Amino acid sequence: MPPIDQLQRVPQLQLDRLERQGIFTTGLLLEVSETRTRRQTLADQVQASVNEVNAWRDEALLLNLAGFGPDEQAIFTQAGVVGLGDLLALDQATFADRIAKAAGILGATPPDPITVEGWFLQAQTLE
């Protein structure tokens, strides 16, 4: 599970508060915010809104895709895909095109088509 500090949407103050709550990974964040009630409780504990917690969950879901690491996160960010919702808003061809273009802009090796398809299908399953 990626560390919580890889989330781009969490301000440093709330990140510190999450860590004080014992939430050090995106997996733990997903676990403690699994239900609407848990999201509200977490929001109260870290002085955030439920909408902010939902946005953090959205990004954490993306970071937990299989074969996803810091290099892939940079490519996704360049492609404008910061959370699972961003990915789900695209069709598979558009998503693949954005990832390939973003990798080119960054001078990175683009992920192979099977990996990109896998990410897309995982996102559909998580939806």
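Visitor: Leaving aside its neighbours within four places in sequence, which residues is Ile99 in contact with?

Guide: Ile99, which lies in helix α7, is in contact with Ile75, Phe76, Ala79, Pro111 and Val116 once neighbours within four places in sequence are set aside, where contact means heavy atoms within 4.5 Å. This is a predicted model, in which local features need pLDDT of at least 70 and side-chain atom pairs count only at pLDDT 80 or more, while totals for chains, interfaces and linings use all residues. Residues are numbered from 1 along each chain as its sequence is written, and side-chain values use heavy atoms, with hydrogens and water left out.

Visitor: What makes Ile99 count as buried?

Guide: Buried means under 20% relative accessible area, exposed means over 50%, and partly exposed covers what lies in between, with a 1.4 Å probe and protein chains only. Ile99 has 1% relative accessibility and therefore counts as buried. Ile99 and Phe76 are 23 residues apart in sequence and 6.5 Å apart in space, C-alpha to C-alpha.

Visitor: Why are α5 and α7 called roughly perpendicular?

Guide: Helix α5 (residues 70–78) and helix α7 (residues 92–106) pack at an angle of about 110°, with their axes 8 Å apart. Axes are lines fitted to C-alpha atoms, for helices over the stretch in contact, and angles run from 0 to 180 degrees between N-to-C directions. Angles under 35 degrees count as roughly parallel, over 145 as roughly antiparallel, 65 to 115 as roughly perpendicular and the rest as oblique, so α5 and α7 are roughly perpendicular to each other. The helices themselves are DSSP runs (H or I, at least four residues), numbered from the N terminus.

Visitor: Which residues of α5 and α7 make the contact?

Guide: From α5 come Ala74, Ile75, Phe76 and Gln78, and from α7 come Phe95, Ile99, Ala102, Ala103, Ile105 and Leu106. These divide into nine nonpolar, one polar and no charged, where Ala, Val, Leu, Ile, Met, Phe, Trp, Tyr, Cys and Pro count as nonpolar, Asp, Glu, Lys and Arg as charged, and the others, Gly among them, as polar.

Visitor: How do you know that α3 is roughly perpendicular to α4?

Guide: The axes of α3 and α4 come within 9 Å and cross at roughly 110°, and that angle makes α3 roughly perpendicular to α4. Here Arg39, Gln40, Leu42, Ala43 and Val46 in α3 meet Val50, Val53, Asn54, Trp56 and Arg57 in α4, and the residues of this contact divide into six nonpolar, two polar and two charged.

Visitor: Why is Ser33 called buried, and what joins the side chains of Ser33 and Arg57?

Guide: Ser33 lies in the loop between α2 (26–32) and α3 (36–46), and its relative accessible area of 0% is why Ser33 is called buried. The side chains of Ser33 and Arg57 are joined by a polar contact of 3.0 Å, a term for a pair of N or O atoms within 3.5 Å, of which, within protein, one must be able to donate a hydrogen and the other to accept it, and residues adjacent in sequence count only if both atoms are side-chain atoms.

Visitor: What makes Asp91 partly exposed?

Guide: Asp91, found in the loop between α6 (84–88) and α7, has a relative accessible area of 44% and is therefore partly exposed. The side chain of Asp91 reaches the backbone nitrogen of Thr94 at 2.8 Å.

Methods: Helices (H or I, at least four residues) and strands (E, at least two) are DSSP runs, numbered from the N terminus.
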